[in-house]
Amino acid sequence: MNNNFLKALVSFENFNILQGNDPTTKAEYDAIKDGTFLNGLNEEEKMFSGTPPTWEEIQAKVSELDAEDQAKIDLKTSAKAKLIAGEPLTEEEANTIVL
């Protein structure tokens, strides 16, 4: 399961609810995107209000979130390497350190 898939869905303001496993293909997504799910009040609710985003739009957002996550990892790795080498950190690298 890609944690960024749900984050990507939530980023679309017309997203309502998803239950079960995240779809992993366009065909799986297309099969459920217009469906209804039971919400916390045991009422049926559509996955999206209005027009659902395309699989490609969701995947673009997932890629964007994955890139942001990788940038954070890279920044922490750079900060650690500089600390070990005794080199000064950038402010952004210093902000990754939890005190």
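Helix axes here are lines fitted to C-alpha atoms over the stretch in contact, with angles running from 0 to 180 degrees between N-to-C directions. Helices are DSSP runs (H or I, at least four residues), numbered from the N terminus.

This is a predicted model, in which local features need pLDDT of at least 70, side-chain atom pairs count only at pLDDT 80 or more, and totals for chains, interfaces and linings use all residues. Residues are numbered from 1 along each chain as its sequence is written, and side-chain values use heavy atoms, leaving out hydrogens and water.

Now for the helix pair. The axes of helix 1 (residues 3-11) and helix 3 (residues 55-85) come within 9 Å, crossing at roughly 120°. The two are therefore oblique to each other (under 35 degrees would be roughly parallel, over 145 roughly antiparallel, 65 to 115 roughly perpendicular, and the rest is oblique). Contact (heavy atoms within 4.5 Å) involves residues including Phe 5 and Leu 9 of helix 1 and Trp 55 and Leu 65 of helix 3.

On to the rings. There are three aromatic pairs in the structure, where ring centres of Phe, Tyr and Trp (its six-membered ring) lie within 6.5 Å, and planes under 30 degrees apart are stacked, over 60 edge-to-face and the rest tilted. Two of them look like this:

| Pair | Centre to centre | Between planes | Type |
|---|---|---|---|
| Phe 5 and Trp 55 | 6.0 Å | 45° | tilted |
| Tyr 29 and Trp 55 | 5.8 Å | 40° | tilted |

Phe 5 sits in helix 1 and Trp 55 in helix 3, 50 residues apart, while Tyr 29 belongs to helix 2 (residues 26-32), 26 residues from Trp 55. Phe 5, Tyr 29 and Trp 55 make up one aromatic cluster. Phe 5 and Trp 55 are buried, meaning under 20% relative accessible area with a 1.4 Å probe, protein chains only (exposed is over 50%, partly exposed in between). Tyr 29 is buried too.
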